[in-house]
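Me: I've got a chain open and want to go through it with you. Can we take it piece by piece?

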Amino acid sequence: PILLSETSSDVEQLQLRSLLLLHQHLAAGDAESAVAVLETFYACPFDIQLIDLRERYSTLKTQILLSAREVAPQCQIPPLPWYSYFRDDPSKPLLALTAAVRAVADAVTERQSTNVQDDQCRQLLEYLQKNYADSSLCATVIADEFRVSEKYLFTLFKKKTGHSPIRYLHSIRMKRAAELLCEDKLTVQQICEAVGIPNLGTFQK
């Protein structure tokens with residue numbers, strides 16, 4: 001989103017590189033690094049060419065909004081009013097920019113976490129569909145397979161599907177058992193064993 005011109009002055013190159021770093025940190029959800037770049041850009045005298053703080057604020061505001069549009073389009077960014085709005089307190093512009101940067105980085109981090117959880121849930125569903133016939137399958141075995149705690153497993157699965165993993169496993173088994181009953185080729189006991197239901201009494205319940 002930021003191009004460095006070969007004909008730019010050293011000061012302009014420094015500014016552009018700082019903005020590029022800001023964008024990269026925001027895209028990675030790294031709030032602390034993004035804030036560090038922001039503060040440096042805002043406070044640095046840029047050698048002998050002093051840039052008006054109003055211009056710096058406007059430049060940073062534009063970059064934050066552009067980055068947010070690209071990496072966190074659903075982010076609700078705190079208001080970034082015109083610089084003149086802060087004339088009563090010169091520290092407020094930087095505080096407003098910092099709040100906006102943190103909001104964007106947090107939104108990226110949340111999206112990344114959601115993507116990870118979606119992928120984990122997809123793998124869980126595939127695992128249950130593939131291994132439902134294993135009568136030893138339980139919450140502990142599933143959690144161990146995915147190297148997570150049983151609490152995390154339950155919370156994630158409930159959040160994404162509305163059911164506990166064991167309840168979902170039971171529904172898979174019962175659906176498959178119903179299909180086998182309709183085929184009328186196996187006894188009830190054989191069907192129980194085929195779908196992973198440990199005993200006939202459980203199936204009848």
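This is a predicted model: local features need pLDDT of at least 70, side-chain atom pairs count only at pLDDT 80 or more; totals for chains, interfaces and linings use all residues.

Me: Is R147 buried or exposed?
Reply: Exposed, because its relative accessibility is 79% and the cut-off for exposed is over 50%.

Me: Back up to α5. Which residues are buried there?
Reply: A139, I142 and A143 are buried in α5. They cover an arc of only 100 degrees around the axis, so they sit on the same side of α5.

Me: Why would residues three or four places apart point the same way?
Reply: Because an α-helix has 3.6 residues a turn.

Me: What do the buried residues of α5 pack against?
Reply: They pack against α4 (92-131), α6 and α7 (165-183).

Me: Switching to rings. How many aromatic pairs does a search of the whole structure find?
Reply: The search finds 2 aromatic pairs. Y127 and F146 form an edge-to-face pair, at 5.5 Å centre to centre with 85 degrees between the planes. That pair links distant parts of the chain: Y127 is in helix α4 and F146 in helix α5, 19 residues apart.

Me: New topic, lysines. Where is K61?
Reply: K61 lies in helix α3, which spans residues 53-71.

Me: Buried or exposed?
Reply: K61 counts as buried, because its relative accessibility is 17%.

Me: What does the side chain of K61 reach?
Reply: The K61 side chain reaches the backbone oxygen of L80 at 2.7 Å.

Me: Which residues is K61 in contact with, leaving aside neighbours within four places in sequence?
Reply: With those neighbours set aside, K61 is in contact with L80, P81, W82 and L97.

Me: And K175, where is that?
Reply: K175 is in helix α7. K175 counts as exposed, because its relative accessibility is 58%.

Me: How far apart are K175 and V195?
Reply: C-alpha to C-alpha, K175 and V195 are 9.3 Å apart in space. In sequence they are 20 residues apart.

Me: What about D106 and A31?
Reply: D106 and A31 are 75 residues apart in sequence and 7.1 Å apart in space, C-alpha to C-alpha. D106 is in helix α4. D106 counts as partly exposed, because its relative accessible area is 47%.

Me: Cysteines next. How many disulfides are there?
Reply: The count comes to 0 disulfides, with sulfur atoms within 2.5 Å as the test.

Me: Remind me, what is a disulfide?
Reply: A disulfide is a covalent bond between the sulfur atoms of two cysteines.

Me: Is C75 buried or exposed? And C182, buried or exposed?
Reply: C75 is buried, because its relative accessible area is 15%. C182 is exposed, because its relative accessible area is 69%.

Me: Now the whole chain. How many helices and strands?
Reply: The chain has 9 helices and 0 strands. Along the sequence the pattern is α-α-α-α-α-α-α-α-α.

Me: How much of the chain counts as buried?
Reply: Of the 205 residues, 35% count as buried.

Me: Last one. Of the contacts with a separation of 6 or more, what share comes from residues 24 or more positions apart?
Reply: Residues 24 or more positions apart account for 57% of those contacts.

Note on methods:
Residues are numbered from 1 along each chain as its sequence is written. Side-chain values use heavy atoms; hydrogens and water are left out. Buried means under 20% relative accessible area, exposed over 50%, partly exposed in between (1.4 Å probe, protein chains only). Helices (H or I, at least four residues) and strands (E, at least two) are DSSP runs, numbered from the N terminus. A polar contact is a pair of N or O atoms within 3.5 Å; within protein, one must be able to donate a hydrogen and the other to accept it, and residues adjacent in sequence count only if both atoms are side-chain atoms. Contact means heavy atoms within 4.5 Å. The arc is that of the directions from the helix axis to the C-beta atoms. Rings of Phe, Tyr and Trp (its six-membered ring) pair if their centres lie within 6.5 Å; planes under 30 degrees apart count as stacked, over 60 as edge-to-face and the rest as tilted.
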